[in-house]
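Reader: I am new to this structure and would like to go through it slowly. Could you take me through it piece by piece?

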Amino acid sequence: MATHPHILTSVLSVLGQPACLALLVVLIPTGTMSAADIAPAVDRFLTTYCVRCHGPEKQKGSQRFDTLPRAIGDAAVAQSWQDMLDALNLSEMPPPDEKQPTKAELADVLETLTANLMIARRRLVDSGGDIVVRRLNRREYQQTIRHLFGVAVDTSFLPEDEKIDGFDTLGQAQEFSSLHLERYLELGKRVLSRVIVSGKKPGGSQTKKVEFGTAEPAFAKEVKGPEKTIADLTKPGAGKKKGDDLKLTIAQAERKLIDEYRALANAQTGAVIPFRGIKPSVDYNFGGSPTLGTYRVRVRCGADHATAQDELFLRVVRGNFRSAVPDAVDYHQVTGTTVAPQVIEFTVEIDGIRSNRLAFERRNGRLHKVPALEKAPTYYFVFPNVAELLEDRRTNLWIDSVEVEGPLPAPDVPLSAQHLFAGRDPAKLGDADARGLIERFAFQAFRRQTPEPAYVDRLMEIFSAGRAHGATFIDALKDTLAVVLASPRFLYPYEPRPEGQAPRQLSDRELAIRLSYLFWSSPPDEELWQVAESGKLRERGVFAAQVNRLIAAERSGLLVETFLTGWLELHRLAAINPDTTHAAGYDDAAQRSTRRETIEFFHALMRDNRPIHALIQSDFVTVDSIAARFYGLPGVTGDAFRSVKLPAGSLRGGLLGQSAILTLTGTGDRTSPVERGVFVLRKILDRPPPPAPANVPMLDEKQVGTRSIRETLDQHMSKAQCQSCHRRIDPMGFALERFDPVGLVRDEVLSVDGTQRFPIATAGVMPDGKRSFADYAQMRQRLMEDRDQLVRVLTRNLMTYALGRTIGFTDQDTVEQIVAATIKDGYGLGSLLHHIVQSRPFQTK
Amino acid sequence: MKTIHPLTRRVVLRGLGATICLPLLEAFLPSTVSAAEPARGMKPAKRLIFLSYSWGVSKDDWFPKKAGRDYDLSRCLEPLARHKPDFCVLSNLSNKNATQGHWATTTWLTSADVTATPGKQFQNTVSVDQVAARHLGVETRFPSIELSNSAPGDGYGPGSSLSWGPAGNAIAGETSPVSFFDRLFGASEVPLAERKYLIDHDRSVLDAVMADAKSMHRQISKNDRQKIDGYFDSVRDIEVRLKKSEEWLDRPKPKAPLERPAGKLNTIEEITVMYDLMIAAIQTDMTRVITYRQPVEGLFTDLGYKVVGHSTTHCTVQSEAYRASIARDQKQAELLAHLIDGLKALKEPDGSSNFHHTMIAYGSGVRTNHDLRDTPTLLAGHGGGGIIQGQHLVYQSKQTPLANLWHGMLKQVGVDTPRFADSDGTLPGLFA
C-alpha cells in the first residue's frame, strides 16, 4: 500500500483556481533572461548521467540532450525539457543499471530545472503588457446595475466567472457563449420590470412592531404541535407504529418544558430563547410581496437575567425556515438585561432575491446531541436543533419586540423611473418620445457615452415591432431597453485603440472608469464624473484627492474583500465546517468574525496608510468582540471591528497569527505544515514552489498512524524528488505548528491517529538555507528582514487585479519602480495603491 | 444515409424504468414521415452521452482487479452489476498532455495540450462531443446539449461544462434542471404566429447588439478583437439556433414525458432529475449528443459525510474521507445504472432498445490524488452494434491515449476523421 505524503497535509493550494495558470504565472524573483534558460548546473548533470545514452553516440528513445536548445524559444522545446523533468521526477531515469546521481545531486537538479522551466514558460506566455478588453464580471455587473437603477440583481443566474490566480478581473480568462448572452438579456428584462413598474404606486414608509410574550395570540398557536402529537398517540385505539414510542417521549418532554416555559415571568413579556429548545427562535417575516427597499430593524432585547451576561449574542439569520444555507447570518453582542433592555439596530435590504424572513436566535455555539435522542430523526422536532438544546442550561436571550421601519428613502440613481421619464407621467408618453428616451438610457448605461445612431435605429425597430404586435408603450420600451443591458458597450468598458497604433494615454473619462471599477466595482459617482468632465482629473492634487476619496469610502471594502479572497484564498474557509474542528470555541460565529478580521485588518492598513509589513508583524489586531473572545483578548465589547493593542510578546499580529489564515491552510481538524509553508513562500517571501507535480511517486502509508506530523513529513527528506521543494517548504510550516488547526496557540501536537502526544519542534532554517530560527517568533523576525519581498508580492498581485491582466516580464521594471517608491514612502499600503494607479500601465491603453 | 428517429410510443415513468403505452401523436413524428406511414426500415439513430466528475475515484476500490470477460466488479461498481454485459471498464487510458492534478474535466473530452499555443497561457481545443454534434446534430432541434451543475465546487479545472467549441472556447453548460426542462419542453403551448413573432423579435435583438459590437470592432486591437469575437460567436450560435427553430416552427415541441422539476433539489436528486431529463430529451429526439459535468461536493453531504472532495483524494484507506469516497463512487454507479435502465426501457420501432444504439462514456480526467494516468473510464451501450461489451480491457501501456476511445466513438457514429487530438490508433478488443 502506498500513498503520496500529501495525504497528511491535504494540498489545497491550487484548489479553486486553475492550477496550470498558477504554475505559469507564478512569479519568480528577479532574473533577467539570458539567451540560455537552462542553468549550467543542469548541463553538468546531463553530461554526467544522461548524454552517454542520449547524445551523439546513442539516441535511446529517440532522445538527444546535448543538442536540445538551452534557450527555450517555443512550447515544443519546453515540452522536451518537461519530459526530461518528468522522467527524473518519476525515477524512470537514469535506468537502475546505469550510474546513479546522489540524492543531493538529484534534488538540486530537480529544483533548478523546475525553476528554469517555470521562468521559460512564463516568458513564452507573456502578454507583452497589453490589457485585453474585459467584460464586467458578476460583481461589477451587480454593482453597475445597483448604481444605475438602485436595484439588486441575482447574478448567480449568470455563468460563473472564470478566474486566473483567484482573480475575477482578468479579460484573458473570460469566455463568452450564447448562454451568457441569453442570460444577460433575461436579467436585463428582470431589472427593467423592477425599475419601470406599471400600475399602483408603492406606499410610503411604515413601522410595524411584533411582540413575543406568551400573552400574544401567536404563542398559543406555536405550542399546539406537541400537544396534538400526545393526543394522537395516546388516544384509545391509536395504532402503534415503529418509532411512536420515541415520538411520544419527545412530545411529552416538550410538553413538560412548555408548562415550565409558561410559568416564567419573563416569558409573559417577551420570548425567552432558546429555553431548552422550546423556543429556538422567533422570526419576523416581511411577507409574500413586500415593497422592495431598505428597512430598519430594531430588536429590543437583553439577557434573561437582571444582570448583564458577558457571553450573550443575538444571531440573526436571513433565510427560509430550516433552509440549509441561509442567505445571511449576523451576530450582535447583547449587553442589555430584562431590567435595562438594549435596542439592537440594523438595516435589511428586501430585494426580491434573498429571503423575506429574519429569524432571531441566541448564538448557541457548538451544540451537543442529547444522548437519549441521538437516534431520533430530525423531523420529530418542530424546530431544528431542539434535540441538541433540550439539556441546555445557559443564560437565555430575552426578546421583547422586533420593530421594522421602511422602506427607507432610497438614494437618487441615474436611471430611476423618475429620471428616465424626465419627471413625466409614462402613461402620457407617446411613441414619439421613445427614441429620446432610449438614447438617454443607453448614454447612462454605456457610462456616459453616446450610442451610435445605427444602433439606436435597430433598437427603434425592436420597439416599433413590439408596438405593432400589440405591446403597450411601457412593455415595448422595457423589452427594448433590456437589449441595451446585453449590448457590448454596456458589458465591456470600452477603450478604443485601433490595431497597429501605439499605446495611448487614457482619456479622463476612461481613467475615471478604471478607478471607480478598481475601488468600488461600479461606475464613477457624480463627483468623479464631474472631475473627469472638467478635464482636471490628472492635475496632481486633484488625482490624489480623488484616489483618497475612493479609498476612504466604505465601498472600498468590496475591493479588499474581493482582492483578499483571490490573493489569500479566503474562500477556502467555507470548506471548513466548524463542527468538525477540535476547538469548542470555534463555532460559526468565530469563523465569520475571524474571516472578517483578515479583511478589516487589511482595510485598516489601506485606509490609514499603515506599513505593508504589518501583514508580517503588527502590535495590534483588528477584531470585534467575538474574535477578541476567541483569541482570549479581554476588554473588547460590541460588534464594531477596531484596532486593539496586543500585549508584549504576543504571537498574534500579522497574517500568520490570524485564525482565518491558519485555518484555511488545514482541514479544520488537522494542520498542514506543508500548506502553511507554501503559504509563507508564496504570499510573503515571493518564492513560490511549483505546484505538486502530477503522477508523483507514493510513500508508504502504513508508517503514518502513530507518528508526529513532523516525523512523517521528514520522509520528504529521504527522497530527492520530494526534497527538492520540501526542504524550503516544510521548515516554515513546522514553525507555525505553534498554532493549532483553528489558530489557537498550543504546546503539543497529536499523532495522526490521535493516540500519541509530542512536543512541538519549531526550529528550522529559512529558505535561503542560511538564517536559522528557533521558533515562530524568531521566524517572524526573519520574515521582517525580508519585508521588501512582501511589498513585491503584493504589488504584483494588486497590479494583476487592478490592470486585469497577468503581470509578466514586460512589467518587471514597472513593478520594481513601484516597489522602490512605496518603500521610500514608508511602506504604506495606501501609498502602494497610489503608485499603482499612477503607473503607466494603469493610465495607458 | 439519412437516419430518422420516430418518437417512441412509450413513455418512461420517472425513475422506475417501467413502460406504459401512449397514443401516437402525429406531432411527435419527424416532418418527412406522416403518421399514416410509420418509419419502417429506418435505422435507429445513434447517440452519445458523456458524463464526468471531479476528484477521480477511490484508489483501491473502483478499478477491477482482473482483466478479461470474467472479471469481478469492484465494490464501487457493484451497483452496475445488472448491466455488466453492457459495458466495459477500460484500464490504462490517459490524456498524455494533461499535467494539472486538479483538472478533472478541462481536457477530458479534448485530450488537448493546453500549453502548446505560443503567447497563450491556456488554449484548449474542440471536444469530441462537438465534433460528433456537427454530424449527429443536423436532424435534431438541438445539435447538442451541454449540462453542468449549479454548485460546482472545485476540482474540475477551467471550463463551464465538459464541452469546448471549434476554437477551443469554453461552452457554458445549463446548470439548472428547471432551465434544462424549459429549453426542452417550454413554450410548447405558444401559438404558431406568436412563435414566428418571437423568432423575428430575437433576430432584431441580435441585429441590435451586433450593430453595437461592430461599431466597437472597427476601433480595437487584435487582442481586444479576439475577445469581442467571442461575443460575435455567441450571436452567431443563437442565429443558428433561431434558424433551427424556424425549420422546426411548424412542429411544436413535444409534450414533456415528465413533470417540470420543482423545489430545491439535493445533489442526488439533481443528478437523478438531470438523467431523467436526458432520457426525455432522447425519447423525444431533441438531441443526439449530451455532455454533463456532474456535481460531486453535495453528494458527500447527501450521503451523511462531512468531508470536502479534495480530502477524499489525499487520505488513508482507513479514514472517514476514504469511506466517503467509496460511498460517493457507489452512489454515482447507482445513478448511472438508473440512467441505463431508462435508456433500456426506451424502445425503437424495430423493437431494439434505445440503449443498444447509444454510447455512454463515463469517467474522470483524474484517477485519484494528482494522478492523471490510467484514469477511470467506462463505456456503456452498444452504439448500434459492433462493440464488444462485458469486459475489463487492460491496455498495454499507461500511455495509451484516451483520444483513441474518442476517435473510436466518432468512427462508431459514422464521423470519418483520420484522428482526434493525440489519438494514435484503435482500441483493439473493444470496437469489432
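**Strands, helices and chain contacts**

Reader: Let's begin inside the sheet: which residue is the bridge partner of Ala361(B) in β9(B)?

Author: The bridge partner of Ala361(B) in β9(B) is Leu379(B). Please keep in mind that this is a predicted model. The two strands involved, β8(B) and β9 (residues 377-380) of chain B, pair in the antiparallel sense over four bridges.

Reader: And how many bridges join β3(B) to β8(B)?

Author: Six bridges join them, and here the strands run parallel; within this pairing, Leu51(B) has Tyr362(B) of β8(B) as its bridge partner. Strand β3 (residues 47-52) of chain B is also joined to β7 (residues 289-293) of chain B, again running parallel, by five bridges, and Ser52(B) stands opposite Arg293(B) in that strand.

Reader: What order do the strands take in the sheet?

Author: Seven strands of chain B make up an open sheet with mixed pairing, and their order is β6-β7-β3-β8-β9-β4-β10. At the edges are β6 (145-147) and β10 (392-394) of chain B, each of which pairs on one side only. From one strand to the next the twist averages 15°.

Reader: Is β8(B) buried or exposed, then?

Author: Strand β8 (residues 358-363) of chain B is mostly covered, with six of its six residues buried.

Reader: Which helix lies across β3 and β7 of chain B?

Author: That is helix α1 (residues 128-136) of chain B, which runs at about 155° to β7(B).

Reader: A loop residue next: where does Ala67(B) lie?

Author: Ala67(B) is in the loop between β3 and β4 (87-91) of chain B. Ala67(B) has 14 other C-beta atoms within 10 Å and is therefore partly exposed. Setting aside neighbours within four places in sequence, Ala67(B) is in contact with His392(B) and Val394(B).

Reader: How far apart are Ala67(B) and Lys196(B)?

Author: They are 57 Å apart in space, taken from C-alpha to C-alpha, and 129 residues apart in sequence.

Reader: Changing topic, how many residues of the two chains are in contact?

Author: In this model, 60 residues of chain B are in contact with 64 residues of chain A. On the chain B side, α3 (192-217) and α4 (222-247) each supply at least two residues, and α3(B) gives the most, with twelve residues. The residues on that side of chain B divide into 25 nonpolar, 24 polar and eleven charged.

Reader: At what angle do α14(A) and α3(B) pack?

Author: Helix α14 (residues 453-468) of chain A and α3(B) pack at an angle of about 170°, and their axes are 8 Å apart. The two helices are therefore roughly antiparallel to each other. Among the residues that meet there are Tyr455(A), Arg458(A) and Ile462(A) in α14(A), and His201(B), Val205(B) and Asp212(B) in α3(B). This contact has eight nonpolar, three polar and four charged residues.

Reader: What is the mean pLDDT of chain A?

Author: The mean is 87, and 92% of the residues of chain A reach 70 or more. Among the elements of chain A, helix α1 (residues 19-25) has the lowest mean pLDDT, 33, while strand β11 (residues 620-623) has the highest, 98. Over residues 1-34 of chain A the pLDDT is below 50, although this stretch has 110 contacts in the model beyond near neighbours in sequence. Where pLDDT is low, the predicted coordinates should not be read in detail.

Key
Residues are numbered from 1 along each chain as its sequence is written. Chains are lettered from A and ligands numbered from 1 in the order in which they are written. This is a predicted model: local features need pLDDT of at least 70, side-chain atom pairs count only at pLDDT 80 or more; totals for chains, interfaces and linings use all residues. Two residues are in contact if their C-beta atoms, placed from the backbone, lie within 7 Å. Ala, Val, Leu, Ile, Met, Phe, Trp, Tyr, Cys and Pro count as nonpolar, Asp, Glu, Lys and Arg as charged, and the others, Gly among them, as polar. Two strands pair if DSSP finds at least two bridges between them. Axes are lines fitted to C-alpha atoms, for helices over the stretch in contact, and angles run from 0 to 180 degrees between N-to-C directions. Angles under 35 degrees count as roughly parallel, over 145 as roughly antiparallel, 65 to 115 as roughly perpendicular and the rest as oblique. pLDDT is the predictor's confidence in each residue, from 0 to 100. A residue is buried if 20 or more other C-beta atoms lie within 10 Å of its own, exposed if 12 or fewer, and partly exposed in between; C-beta atoms are placed from the backbone.
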